[in-house]
Amino acid sequence: MSAARTGAGQRVVVVGAGIAGLAAAHRLLDRGARVTVLEAGTRLGGKLVAGRIEGVRVDLGAGSMLARRPEAVGLAREVGLADRLQPPATPTAAIWTRGALRPMPKGHVMGVPGTADALAGVLSDEGLARIAREADLPPTGIGDDVAVGEYVAARLGREVVDRLVEPLLGGVYAGDAYRLSMRSAVPQLFRAAREHPTLTEAVRAVQGQAAAAAQSGPVFLGLEGGVGTLPAAVAGSVTARGGEILTGRAATGLRRDAEGGWRVTAGDRVLSADAVVVAAPAPAAADLLAAECPGAAAELRAVEYASMALVTLAYRRADVSLPPGSGFLVPPVDGRTIKASTFSAQKWAWSAQEDPELFVLRTSVGRHGETEVLGRDDAELVEVSRHDLREATGLTAAPVAGLVTRWTDGLPQYPVGHHARVARIRAHVAALPGLAVCGAQYDGVGIPACVASAYAAVDQLAGDPLGVQRLTADPVQSLHGGAGE
């Protein structure tokens with residue numbers, strides 16, 4: 001379509017006010033468009049939520065963002081948050097495995113090691129020996145895509161998957177490593193594995209590329225007050241520049257008009273637009289696209305989601321003595337209930353300074369397909385979290401407050417073939433001038449991925465397909481942001 005579609009004075013409706021939708025609106029205003037954002041709920045920000053417990057500010061959703069991608073950090077700076085960006089106060093984390101907290105091993109790519117060094121205690125002697133034997137295996141064809149767990153287990157043994165890859169990928173996707181797409185979830189390693197005869201060589205190649213790039217500074221950043229404060233800052237910038245954000249306004253209809261534009265129905269309002277960006281989760285996007293883009297709608301209905309919950313606990317600081325570091329991850333193979341814990345007051349300097357008398361931490365529970373644990377009430381989730389914290393760290397004190405945040409169908413899953421599904425969705429959408437999609441269900445679940453997806457959608461509307469092409473070829477890897485993220 002022509003660049004005029006999203007040029008000065010053009011009317012664009014953005015459906016969804018998660019961080020992707022807000023980022024799209026922000027970029028559209030940069031291009032001179034007139035923007036209306038429709039949000040079905042009463043809150044902005046999607047999975048980014050700022051909250052409080054006992055007066056202390058906390059994140060009730062994602063807690064950090066990858067700093068070595070420009071999109072999320074750049075957006076934070078653009079909306080006036082540069083002076084609130086903070087690295088973690090500690091770079092170390094642990095893994096609770098084989099009955100003890102052990103330092104998180106170095107020298108891996110999302111849990112896939114380049115050597116067996118530093119894995120003693122995490123893996124058994126047989127598991128360590130299995131890694132060493134990989135050099136004797138013939139190369140394994142990786143094809144167009146493969147499940148991370150399946151490929152890694154075949155090359156390095158199941159222990160590597162069960163005790164390293166699973167807790168790291170589970171922290172990002174709340175998913176099953178034996179189902180998750182290597183191409184979409186760990187794209188750097190997927191590319192390297194196609195070019196090297198062994199997986200360990202591929203890992204070392206990825207590490208070598210990172211070293212050659214000589215990236216300085218922290219891998220992750222947070223925001224003073226929590227990354228949950230980012231959506232409000234972006235929304236403030238949008239409205240300050242004339243954008244309109246309507247909450248409690250679900251988009252229920254999307255049709256082409258006789259002039260080649262769009263009509264968006266939202267309650268008793270019908271909005272006319274030159275272009276539409278659909279930034280809603282897959283089920284809502286499917287419903288909205290069903291009439292005009294049934295092929296994309298069918299693909300979106302096949303996207304699966306995982307549910308999980310965060311349990312935030314506040315303790316009297318005098319009652320807490322925890323190991324150093326930002327927290328720990330938990331391999332599901334050990335049969336624990338929690339999958340991670342973040343020691344927020346140790347990980348973030350701003351959290352520790354909120355109230356010197358309080359210590360805030362959080363745990364996460366729930367993975368794809370786990371329904372029993374999330375069926376428990378809030379009090380039970382607090383108790384199982386306390387039980388596992390006691391077993392892992394010896395923490396016996398009672399918290400002064402507990403808060404459970406449930407993310408039902410909160411994390412889209414990236415099974416084998418996810419990249420091909422996304423390509424099909426975008427091909428269907430691209431056939432309709434003035435329509436684009438973005439969000440966590442496409443190119444990565446992290447904040448930079450969502451922002452990159454939004455920017456690519458805006459570029460596509462302006463007639464520039466390069467952003468979408470880059471994301472299709474090279475999704476934004478959603479790394480683990482530390483224990484419990």
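Trainee: What makes helix α17 oblique to helix α18?

Mentor: In this predicted model, helix α17 (residues 447-461) and helix α18 (residues 466-473) pack at an angle of about 140°, with their axes 7 Å apart. Angles under 35 degrees count as roughly parallel, over 145 as roughly antiparallel, 65 to 115 as roughly perpendicular and the rest as oblique, so α17 is oblique to α18. The angle runs from 0 to 180 degrees between N-to-C directions, and the axes are lines fitted to C-alpha atoms, for helices over the stretch in contact. Helices are DSSP runs of H or I with at least four residues, strands are runs of E with at least two, and both are numbered from the N terminus.

Trainee: Which residues of α17 and α18 meet?

Mentor: Ala-452, Ser-453, Ala-456 and Gln-460 in α17 meet Gly-467, Val-468 and Leu-471 in α18, where contact means heavy atoms within 4.5 Å. The residues of this contact divide into four nonpolar, three polar and no charged; Ala, Val, Leu, Ile, Met, Phe, Trp, Tyr, Cys and Pro count as nonpolar, Asp, Glu, Lys and Arg as charged, and the others, Gly among them, as polar.

Trainee: Why is the pair of Trp-96 and Phe-328 called edge-to-face?

Mentor: Rings of Phe, Tyr and Trp (its six-membered ring) pair if their centres lie within 6.5 Å, and planes under 30 degrees apart count as stacked, over 60 as edge-to-face and the rest as tilted. The ring centres of Trp-96 and Phe-328 are 5.9 Å apart with planes at 80°, so this pair is edge-to-face. Trp-96 lies in strand β7 (residues 94-97) and Phe-328 in strand β18 (residues 327-329), so the pair ties together parts that are 232 residues apart in sequence.

Trainee: How do you know whether Trp-96 and Phe-328 are buried or exposed?

Mentor: Buried means under 20% relative accessible area, exposed over 50%, and partly exposed in between (1.4 Å probe, protein chains only). Trp-96, at 2%, therefore counts as buried, and Phe-328, at 0%, is buried as well.

Trainee: What makes the pair of Tyr-173 and Tyr-414 tilted?

Mentor: Their ring centres are 5.4 Å apart and their planes stand at 50°, so the pair is tilted. Both Tyr-173 and Tyr-414 are buried.

Trainee: How are residues and side chains treated here?

Mentor: Residues are numbered from 1 along each chain as its sequence is written, and side-chain values use heavy atoms, with hydrogens and water left out. Local features need pLDDT of at least 70 and side-chain atom pairs count only at pLDDT 80 or more, whereas totals for chains, interfaces and linings use all residues.
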